[in-house]
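Hi,

Here is the structure I promised to pass on. Please load it first; my notes follow below.

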Amino acid sequence: MSNPIDVLIVDDVAETRQNVRTLLSFEPDIRVVGEAANGREAVALAKRLRPGVILMDINMPVADGIEAAEAISRELPSASVVIMSVQGEYEYLRKAMAAGARDYLVKPFTAEELAQSVRRTGERHSDAAAGLRGPDHPGRPSPRGRVVTVFSTKGGIGKTCIAANLSVALRQCTGSKVCAVDLDLQFGDMAVLLDLQPSRTLADLAREETMDSSSVLSCMLLHESGVELLAAPARPEQAEIVTGKHVDAVLRYLRESYDYVVVDTPQSFQDPLLAALDLSDMILLVVTLDVPTIKSVKLCMEVMDSLRYPPEKTVLVLNRSSRQIGVRIDDLETALGRKVDFHIPSDGRLVVPSVNSGVPFVRSHPSARISRAVTELALFVARQNGWSEKRPQLAPGNALQSIGRKLFRKRDSAPTIQPLGRRE
Ligand SMILES: Nc1ncnc2c1ncn2[C@@H]1O[C@H](COP(=O)(O)OP(=O)(O)OP(=O)(O)O)[C@@H](O)[C@H]1O
Ligand SMILES: [Mg+2]
């Protein structure tokens, strides 16, 4: 077995440190090497112990997690800081990510989310230690993220609704790092659907002389689900600044930092879109049951054929499949020469308020039929990426159970840690 990942736990509440230690004690490939109670102690210990991953609370006396993350990324760039925050600390969280933190966990988190985050960032640590950091080193078996693009040659058929809800569902059901990119460069509305206020967008990145991972990450907006968004330019006339080369570079950087990069698109084949399609591991081709859409999607499939995309790269998603408007599903399948892979029902009563309020329906109504359909789609995407639903099983009477219900909350049958570290 390869070396375990060394972890330093930083939190001023001793009980929280102990809980995190206990959760990690069940992971054979992770080893806790030390604990610190504030940011200053963390920096000193990190220099001495050289851990791969530092699990860091934000609010701490003496020096807080943001100062410590900044110092560590400056002085010990090979260590990965993972921030542990409580709900509502999103502004701090954003600052911490800008200060060089590589990942974050929102309390309460499950044992699985914790271990996944340590492994993901710990693997990056080993790469960095071997001097291999940077996007796509040829020959490296890189555990990079997957790019999933939601596309259709028809406008107004649900691409953005699907992209926004798919991103949140992916985050909700896998706990993975998920980001969304709004490539509808003229009229992108992903930020509206997620109720986010963009400050820096793709246009700002395109204007920069040199783009690197940290300039891309500094443009990400954090949604309360944990999904991060790279927003479309604020004004239509800024769209032309963004070229295919920019999109290619941005997506390559993002797939180094996220497990899933979900791309929303406009309806036309232009250079930035083609760059995204080329780089995509999966294209969700959205269709509805009407003749003009079927005709244009057929053309789109022909274009993808001519681009030599393998047929399995495309997944056919029928949106509003329950709407009876004349065309039958088998007519559609005959016309397109392939089966529909996923059906998303029509539910205007849920989708319209969701769009208007900026709350994705998979979040507000997770058990509605439409939400379950999008969640199924998210699980399919995740399974294609090797993800499995297996949760850690707790043997009866083991140490975790003896800690008692007051510390751990059951969620999807995985143990979680409560936000004990919260302070005003
Ligand atoms: N499954 C659905 N059930 C009911 N209404 C839906 C569904 N999907 C989408 N809609 C409606 O269609 C509208 C357009 O959806 P959306 O903005 O996602 O489409 P789009 O393909 O991204 O459009 P554009 O090409 O303009 O970017 C939504 O505002 C919503 O009202
Ligand atoms: Mg759209």
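Ligand 1 is surrounded by 19 residues. The closest are Gly 158, Lys 159, Thr 160, Cys 161 and Asp 347. Bear in mind that this is a predicted model.

A backbone N or O atom of Gly 156 sits 2.9 Å from an oxygen atom of ligand 1. For Cys 161, a polar backbone atom is 2.8 Å from an oxygen atom of the ligand. Pro 345 places a backbone N or O atom 3.0 Å from a nitrogen atom of ligand 1.

Next, the helix pairs.

Helix α6 covers residues 159–174, and helix α16 covers residues 369–384. They pack at about 65 degrees, with axes 8 Å apart. With 65 to 115 degrees counted as roughly perpendicular, α6 and α16 are therefore roughly perpendicular to each other. Their crossing is right-handed. From α6, the contact takes in Ile 162, Asn 165, Leu 166, Ala 169, Leu 170, Cys 173 and Thr 174. From α16 come Val 374, Thr 375, Leu 377, Ala 378, Leu 379, Val 381 and Ala 382. By class, that contact has 11 nonpolar residues, three polar and no charged.

Helices α10 (residues 244–257) and α11 (residues 271–279) pack at about 35 degrees, and their axes are 7 Å apart. This crossing is right-handed. On the α10 side, the contact uses Gly 244, Val 247, Asp 248, Leu 251, Arg 252 and Arg 255. The α11 side supplies Asp 271, Pro 272, Ala 275, Ala 276 and Leu 279. The contact of α10 with α11 comprises six nonpolar, one polar and four charged residues.

Best wishes

Terms used: Residues numbered from 1 in each chain as written. Chains lettered and ligands numbered in written order. Predicted model: local features only at pLDDT ≥ 70, side-chain atom pairs only at ≥ 80, totals over all residues. Heavy atoms only, no water. Axes fitted to C-alpha atoms, helices over the stretch in contact; angles between N-to-C directions. Helix = DSSP H or I, 4+ residues; strand = E, 2+ residues; numbered from the N terminus. Left-handed = near helix turned anticlockwise from the far one by under 90°. Contact = heavy atoms within 4.5 Å. Nonpolar A, V, L, I, M, F, W, Y, C, P; charged D, E, K, R; others polar. Parallel < 35°, antiparallel > 145°, perpendicular 65-115°, else oblique. Near = heavy atom within 4 Å. Polar contact = N/O pair within 3.5 Å; in protein donor to acceptor, adjacent residues only side chain to side chain.
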